[in-house]
Amino acid sequence: MSFKDNIISSFIALESQVDTDSYVHGLRSDALKQFETVGIPQRKDEAYKYTSLKSLFNKDYSLFPKTDSHIEYRDIKKYLMHEIDTYKVIFVDGVYNSQLSQTTHDKYDICLMSSALSKDKYAPIIENHYNKIAGNDSLTSLNTAFAREGAYIHIGKNVAVRKPIEIVYFSTGNENAAMMQPRNLVVVGENSQVQIIERHQSLSSNSVLTNVVTEIYADQRAMVDYYKIQNDNVEASLIDHTSVEQQSNSEVRLHTFSFGGSITRNNLYFYQKGEHCNSLLNGVTILEGKQHVDHSTLVHHTQPNCESYQEYKQIFDDRSVGVFNGKVYVDKIAQKINAFQQNNNILISDKATINAKPQLEIFADDVRCSHGCTIGQLDEDAMFYMQSRGIGKKEARALLMFAFANSVLESVKIPEVKSRITKIIALKLGVEIGLDL
């Protein structure tokens, strides 16, 4: 069965399980038509020029995989932030696991998308925010057509969430090939603060393709600190669409750490809708083998007196491939913008590849905008200096790469997350710290 035929038959099966008269199902039907019209992105599409998704869609995926309900905490502990207390929203094979999770409806709603889509009390938030900024990428439309579950986070006014929120999706590999399509909605009210950690993790060697969509809304003076840890098995691939809308004086910080998986595509789009917004996009990528990671970013400045900062550090070994396509767009009325974009890359192997395309589109005349990109190898003088002082070649190389990548971590605000990512980087680069992640 072709992927398209599988999609159509699976959607018919979905309709027998959901309320076809609901507001959301109307969105599903329209999204399916959009996907059927546009299809899977091809390399002829400028946005996917250097990333072929063909190999991901030639498998007979199960879109509704069987769920393994026997997962216990000890089986997944090492993938969670067990060093600190967190709210946990944990899914196994696309299904919420209440025994492993800790949600709340106390001063804020940290719960399930399925509840939000089906209960009247959530209707105003859903109708005002759901699928409003996700975009019309065909794979975003595919997610909209099939999404039933995910994390729903609504923080009201003047609230600081007292501990971080973990959103973790596990795949057990009960199917030979499974496709997951989780949907996250995060709405943060005026003067409120929240920290969120997101991870997708396969627990087997079977093929898993995750097509996830996250929409984040930051109201006036809200602060959102979001961390994506991408360190999955080599049989797993991830297509991540995250869209952010900011109102005046809000700050959103989004950190992406890409270490594992076969093919990873990150679409990160920021829309500043008020003055004095601050947007930060940081990332560390370390690849080996035949891994492929593609970062596509956009910061759209529509109002004056705002700032954005992008910094991506990437290291590529063996035959790995990296793509960075970053754009800063400044509208005519968006005067006094301060926008910075930097992409630095190290190629360890002569067979590794990086394709970088930093872009500025500026229609205002009173701005400070800059972008830069570097591609190179390790500094031979620094290597010689370290070796001349008794440090072995392997250790010297690892330490230089560690220092290069580690600078991005200065903006990480959760100490335990910084420690966890530091240890993952050290292990990837061959510096022994003593934690298996």
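Me: What conventions apply to the model and its numbering?
Reply: This is a predicted model, in which local features need pLDDT of at least 70 and side-chain atom pairs count only at pLDDT 80 or more, while totals for chains, interfaces and linings use all residues. Side-chain values use heavy atoms, with hydrogens and water left out, and residues are numbered from 1 along each chain as its sequence is written.

Me: What radius of gyration does the chain have, and what would a compact globule have?
Reply: The radius is taken over C-alpha atoms, and the globule rule is 2.2 Å times the number of residues to the power 0.38. For 437 residues a compact globule would be near 22 Å, which agrees with the chain's value of 21 Å.

Me: What percentage of the residues of the chain count as buried?
Reply: Buried means under 20% relative accessible area, exposed over 50%, and partly exposed in between, with a 1.4 Å probe and protein chains only. Of the 437 residues, the buried share is 57%.

Me: How many helices and strands does the chain have?
Reply: Helices (H or I, at least four residues) and strands (E, at least two) are DSSP runs numbered from the N terminus. By that count the chain has nine helices and 20 strands.

Me: Which strands pair with strand 18 in the parallel sense?
Reply: Strand 18 (residues 338-347) has eight buried residues out of ten. Ten bridges link it in the parallel sense to strand 16 (residues 307-316), and Glu 311 has Gln 342 as its bridge partner. Nine parallel bridges join strand 18 to strand 20 (residues 368-376), where Asn 338 is partnered by Arg 368.

Me: Which elements do the buried residues of helix 6 pack against?
Reply: Helix 6 (residues 138-146) is mostly covered, with nine of its nine residues buried. Among them are Leu 139, Leu 142 and Phe 146. These buried residues pack against helix 1 (3-15), helix 2 (23-38), strand 6 (177-180), strand 7 (183-188), strand 9 (207-218) and strand 11 (236-246).

Me: Why does Lys 332 count as exposed?
Reply: Lys 332 lies in the loop between strand 17 (321-330) and strand 18. Leaving aside neighbours within four places in sequence, Lys 332 is in contact (heavy atoms within 4.5 Å) with Phe 363 and Ala 364. Lys 332 counts as exposed because its relative accessibility is 65%.

Me: What is the relative accessible area of Asp 318?
Reply: Asp 318 is in the loop between strand 16 and strand 17. Not counting residues up to four places away in sequence, Asp 318 touches Glu 288, Gly 289, Ser 349, Lys 351 and Ala 352. Asp 318 is partly exposed, and its relative accessible area is 37%.

Me: How far apart are the C-alpha atoms of Asp 318 and Leu 53?
Reply: Along the chain, Asp 318 and Leu 53 are 265 residues apart. Their C-alpha atoms are separated by 21 Å.

Key
Two strands pair if DSSP finds at least two bridges between them.
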